[in-house]
Amino acid sequence: MLETTEEHLLDAYSKAVVAATQRISPAVVNIEVHGPVRGGGSGFIFTTNGYIITNSHVVHKASRIDVTLADGRKLAADVVGDDPPTDIAVIRVEENHLSPALLGNSQSIQPGQLVVAIGNPYGFQATVTAGVVSALGRSLRSQSGRLIDNVIQTDAALNPGNSGGPLVNSRGEVIGVNTAIILAAQGICFSIPINTAKFVAGELIRRGKIRRASLGVAGQDVPVHQRLRRHYDLAQEKGILVIGVERGSPAEEAGLIQGDLIVRFNDKPVSGLDDLYRLLTEEQIQRSATLMVLRGVDQLPFVVVPREAI
């Protein structure tokens with residue numbers, strides 16, 4: 001009876017992985033880069049008219065880019081925009097009626113849930129690894145030297161050339177963009193949350209680059225204790241735990257310290273880093289803002305003047 005139950009669970013797991021792979025595979029592409037350093041990676045189509053999300057480090061400084069679709073067609077691509085601080089880039093092929101990926105919500109994922117990492121390193125056949133979300137809220141240092149916050153860690157290992165491909169849930173929805181910027185990592189996968197990627201991709205399509213304000217903090221999304229939520233009448237369930245403050249940054253000058261919990265920015269609730277990124281637009285550069293912070297059981301306001309992110 002136990003063996004039958006185990007077989008049933010394994011069969012259900014396999015079916016979930018196969019179904020997720022079948023849904024996303026038509027959108028996954030191979031990217032071949034020519035330039036100072038020849039290389040490549042993967043990406044995924046997210047609009048019917050040829051916009052593709054991949055990693056910044058895959059296409060950065062490329063002189064020519066060739067994209068191979070899942071059906072084997074090879075097309076030239078242009079860089080629409082490139083954002084090294086988040087390791088996200090958008091490229092485009094001149095083709096319509098393509099099959100885009102379904103984008104999910106990275107704020108809804110939880111440790112332990114099934115995920116599938118997919119790439120197209122050779123251009124004709126997707127490579128698949130499966131696992132679970134190991135941790136949320138990781139911080140990684142990008143090739144530009146800046147910290148990428150709120151990174152997803154899974155045990156779905158990356159294959160060579162899979163960097164820039166999608167991390168999907170059991171429904172085949174993209175919840176992250178796989179990145180391989182940690183060369184020594186073995187048996188693990190790091191992904192940029194899709195909510196961050198969606199915001200960055202939208203800005204890159206509109207402007208070609210992102211000019212953003214910065215506070216100079218590293219943080220991660222954490223739950224706010226229910227008693228504090230009730231006492232201070234907070235609508236959101238999560239806030240941003242400050243895990244690091246850059247020396248000489250606006251956050252340090254304002255008085256923020258490690259362990260503070262950011263819950264509001266200019267009277268707007270922030271339930272995570274994605275919310276804060278959306279609020280730290282170029283209009284906030286050199287403009288005073290008020291951060292509402294929980295320090296222990298106290299709620300304290302801090303006036304901060306964001307600077308332009310370099």
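For the residue classes used in these legends, Ala, Val, Leu, Ile, Met, Phe, Trp, Tyr, Cys and Pro count as nonpolar, Asp, Glu, Lys and Arg as charged, and the others, Gly among them, as polar.

**Figure 1. The lining of the second largest pocket.** Welcome to the first close-up of this predicted model. By class, nine nonpolar, six polar and three charged residues make up the lining of the second largest pocket. The pocket holds about 320 Å³ of space. Its lining has 18 residues, and those closest to the centre are Q107, I109, L136, D221 and K238. Strands β8 (127-141), β9 (147-154) and β14 (217-223) are the elements that each give two or more residues to this lining.

**Figure 2. The aromatic pair F46 and Y51.** Here we look at two rings. A pair of aromatic rings is described by the distance of the centres and the angle of the planes. For F46 and Y51, the ring centres are 6.4 Å apart and the planes meet at 50°, so this pair counts as tilted. The cut-offs behind that label are under 30 degrees for stacked and over 60 for edge-to-face. The model has a count of one aromatic pair. Both F46 and Y51 are buried.

**Figure 3. E203 in helix α3.** This view turns to a charged side chain and its partner. E203 sits in helix α3, which spans residues 194-207. Its side chain makes a polar contact with the side chain of R206, at 2.5 Å. E203 has a relative accessibility of 13% and so counts as buried, the cut-off being under 20%.

**Figure 4. D87, a buried loop residue with positive phi.** D87 belongs to the loop between β5 (74-83) and β6 (88-93). Its phi is near 60°, a positive value in a residue other than glycine. With a relative accessible area of 4%, D87 is buried.

**Figure 5. D267, an exposed loop residue with positive phi.** Look for D267 in the loop between β16 (261-265) and β17 (268-269). D267 is not a glycine, yet its phi is positive, at about 70°. Its relative accessibility of 64% makes D267 exposed, as the cut-off is over 50%.

**Figure 6. Confidence along the chain.** The chain has a mean pLDDT of 88, with 90% of its residues at 70 or more. Confidence is lowest in helix α1 (residues 2-24), where the mean is 77. Strand β3 (residues 51-54) has the highest confidence, at 98.

Technical notes. Residues numbered from 1 in each chain as written. Predicted model: local features only at pLDDT ≥ 70, side-chain atom pairs only at ≥ 80, totals over all residues. Heavy atoms only, no water. pLDDT = per-residue confidence, 0-100. Helix = DSSP H or I, 4+ residues; strand = E, 2+ residues; numbered from the N terminus. 1 Å grid on protein atoms, 1.4 Å probe; cavity = no way out; pocket = protein on both sides within 12 Å on 5 of 7 lines; lining within 4 Å. Points joined across faces, edges and corners; volume = space filled by probe spheres on them. Phe/Tyr/Trp six-rings, centres within 6.5 Å; stacked < 30°, edge-to-face > 60°. Buried < 20%, exposed > 50% of the residue type's maximum accessible area, 1.4 Å probe, protein only. Polar contact = N/O pair within 3.5 Å; in protein donor to acceptor, adjacent residues only side chain to side chain.
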